[in-house]
Protein chains: 2
Amino acid sequence: MISTKARYALRVMIDLAQHTADGYIPLKDIANRQGISEKYLEIILKTLVKERMLKGLRGKGGGYMLTRAPGEYIIGEIIELTEGSMAPVSCLTPDAEPCPKKEDCITLRLWQKYDQITHDFFYGITLEDLINGTY
Amino acid sequence: MISTKARYALRVMIDLAQHTADGYIPLKDIANRQGISEKYLEIILKTLVKERMLKGLRGKGGGYMLTRAPGEYIIGEIIELTEGSMAPVSCLTPDAEPCPKKEDCITLRLWQKYDQITHDFFYGITLEDLINGTY
DNA sequence: AATAAACCTATTGATATAGTAGGAAGGCGT
DNA sequence: ACGCCTTCCTACTATATCAATAGGTTTATT
């Protein structure tokens with residue numbers, strides 16, 4: 001189940017994409033529009049800034065702003081960034097130690113296939129697609 | 001992320017399917033073969049029995065047994081039974097109260113599509129497919 | 001009667017989630 | 001220079017879920 005962190009992140013990105021013309025957007029505005037606690041959003045935006053998904057400017061007239069065009073943001077990237085790996089089982093996470101039962105595991109292929117499907121889906125859609133519904 | 005409950009359940013079902021000729025299989029045998037704690041497996045098998053996925057027989061010579069042919073078990077059913085809904089977000093679970101922002105929600109369609117893909121994948125594979133690799 | 005097995009209720013420790021609190025640092029307008 | 005606004009940073013907390021454990025009761029077979 002995808003947690004609020006990734007869902008909120010996505011909603012923030014959409015919000016910013018819809019207000020690119022307005023320059024820097026304060027966190028307060030986003031939080032109000034989206035009905036999310038300011039303090040909690042702060043944590044989420046912190047990671048997005050750290051990963052250069054968006055930039056923040058402090059002080060009066062400051063706020064947040066996208067660093068790329070909406071079409072350049074992959075939905076899968078945003079989710080993985082805030083949520084961690086989307087792997088359906090722990091043995092398929094990037095940092096998982098190789099499973100000793102790997103060769104005999106009948107379910108491994110199932111999870112791998114589902115992992116692939118998931119990846120293909122979320123990496124085939126951009127923020128622009130999401131907003132325009134072209135997917 | 002799919003939890004151990006559903007993953008263990010699947011492994012138990014596979015184990016039982018591979019030993020259908022041996023009559024009732026004691027929990028201890030399954031736990032030993034799969035390397036899972038007996039006590040924890042008990043909890044999982046309890047739900048599977050309650051939902052008629054398999055039947056248990058008490059007493060000496062007892063154990064667990066499938067109630068259908070492996071081809072009659074849908075993987076998605078087994079997962080949902082042990083894990084609860086596979087919905088990617090809480091607002092898409094069967095018992096979710098209708099979201100007030102439903103009409104404006106830009107991400108709703110994304111989650112619905114992914115939910116559909118997930119459903120199609122796991123409901124298109126049976127226990128028999130899983131064992132034979134025919135999927 | 002002894003034994004072996006499923007069945008049942010309750011408890012625990014660890015971890016993740018969602019959110020809160022308070023302040024420090026930086027940039028802007030007057 | 002000063003005050004204001006806003007991001008940035010560290011730490012804390014309550015709640016829920018996950019994974020597992022413990023101990024006992026019932027049922028069937030030999």
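How many residues does the contact take from chain B and from chain A? Select both chains of this predicted model to see that the contact takes 19 residues from chain B and 19 residues from chain A.

**Stop 1: the side of chain B that touches chain A**

Keep this side of chain B in view and colour it by element. Helices α1 (4-17), α5 (108-123) and α6 (127-132) of chain B each supply at least two residues to the side that touches chain A. The most comes from α5(B), which gives five residues. Colouring by class then shows 13 nonpolar, three polar and three charged residues on this side of chain B.

**Stop 2: two helices of chain A**

Next, select helix α1 (residues 4-17) and helix α3 (residues 38-50) of chain A, whose axes come within 10 Å and cross at roughly 75 degrees. The two helices, α1(A) and α3(A), are therefore roughly perpendicular to each other. Display the side chains at the crossing: α1(A) contributes A:Lys5, A:Tyr8, A:Ala9 and A:Val12, while α3(A) contributes A:Leu41, A:Ile44, A:Leu45 and A:Leu48. Seven residues of this contact between α1(A) and α3(A) are nonpolar, none is polar and one is charged.

**Stop 3**

Move to chain B and select strand β1 (residues 54-57) with strand β2 (residues 63-66), which pair in the antiparallel sense over four bridges.

**Stop 4: DNA strand D**

Two or more residues come from each of α2 (27-34), α3 and β2 (63-66) of chain A, and from each of α1 and α3 (38-50) of chain B. The largest share, four residues, belongs to α3(A). By class, the surface near DNA strand D has seven nonpolar, nine polar and nine charged residues.

**Stop 5: DNA strand C**

Finally, select DNA strand C, which 26 residues surround; A:Ser3, A:Ser37, A:Gly59, B:Leu27 and B:Gly56 are the closest. The elements giving two or more residues here are α1 and α3 of chain A, with α2 (27-34), α3, β1 and β2 of chain B. Helix α3(B) gives the most to the surface near DNA strand C, with four residues. That surface divides into eight nonpolar, nine polar and nine charged residues.

How values were computed:
Residues are numbered from 1 along each chain as its sequence is written. Chains are lettered from A and ligands numbered from 1 in the order in which they are written. This is a predicted model: local features need pLDDT of at least 70, side-chain atom pairs count only at pLDDT 80 or more; totals for chains, interfaces and linings use all residues. Axes are lines fitted to C-alpha atoms, for helices over the stretch in contact, and angles run from 0 to 180 degrees between N-to-C directions. Angles under 35 degrees count as roughly parallel, over 145 as roughly antiparallel, 65 to 115 as roughly perpendicular and the rest as oblique. Two residues are in contact if their C-beta atoms, placed from the backbone, lie within 7 Å. Ala, Val, Leu, Ile, Met, Phe, Trp, Tyr, Cys and Pro count as nonpolar, Asp, Glu, Lys and Arg as charged, and the others, Gly among them, as polar. Two strands pair if DSSP finds at least two bridges between them. A residue is near a molecule or strand if its C-beta atom, placed from the backbone, lies within 6 Å of it.
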